Amino acid sequence: MEEIAPGFRFYPTEEELVSFYLRSQLELEKLETINRVIPPVQIYQFEPWQLPKQCGELCQGDTEQWFFFVPKKENEARRGRPNRTTATGYWKATGSPSHVHAADGKSIGVKRSMVFYKGKAGSGRKTKWKMNEYTAIVQDSNTTVPKVRKFSLGSVYTGAY
């Protein structure tokens with residue numbers, strides 16, 4: 001592993017997460033470098049407290065926030081309902097999705113906030129684990145309908161921001 005400068009912390013803006021990192025993953029560009037910071041992980045196969053150990057090698061020391069590319073299952077990629085359950089609980093969406101905007105004001109993605117609940121849906125206990133899920137909006141040049149791609153980007157953290 002290459003040496004990292006003291007005090008380094010990966011702290012991208014929402015626009016950078018969607019317009020650079022997520023788009024690079026979707027377009028298969030610069031993957032070797034980017035995956036060292038944001039690895040592709042099937043995060044729903046892990047409990048939230050196991051995720052910090054799955055983060056990219058350049059962010060191993062971060063104690064507050066971890067980033068992951070989340071491969072979507074085939075039915076989700078075709079606008080199916082995502083399954084966000086783990087062995088001990090589930091991620092529940094909170095509030096309404098919001099748009100991520102580029103500097104020029106154009107909507108480039110959607111952000112959905114979630115909270116992890118331990119137990120079964122309906123009777124689960126809320127935990128301190130939270131996640132923001134980012135999905136890129138890509139205009140198809142043949143239509144005016146935005147396409148949802150096969151990866152989303154998850155930002156997992158504890159406590160309140």
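## Salt bridges in this model

A salt bridge is a side-chain nitrogen of Lys or Arg within 4 Å of a carboxyl oxygen of Asp or Glu, and by this rule the count comes to 3 salt bridges. The structure is a predicted model, in which local features need pLDDT of at least 70, side-chain atom pairs count only at pLDDT 80 or more, and totals for chains, interfaces and linings use all residues. Residues are numbered from 1 along each chain as its sequence is written, and side-chain values use heavy atoms, with hydrogens and water left out.

## K111 and E14

K111 forms a salt bridge with E14, and their closest N and O atoms are 2.7 Å apart. This pair links distant parts of the chain, since K111 is in strand β3 (residues 107–118) and E14 is in helix α1 (residues 14–26), 97 residues apart; helices (H or I, at least four residues) and strands (E, at least two) are DSSP runs, numbered from the N terminus.

K111 has a relative accessible area of 19% and is buried, a word that means under 20%, with exposed over 50% and partly exposed in between (1.4 Å probe, protein chains only). E14, at 30% relative accessibility, counts as partly exposed.

## E133 and R84

E133 forms a salt bridge with R84, with the closest N and O atoms 2.9 Å apart. Because E133 lies in strand β4 (residues 125–139) and R84 in the loop between α3 and β2, the pair ties together parts that are 49 residues apart in sequence. Both E133 and R84 are buried.
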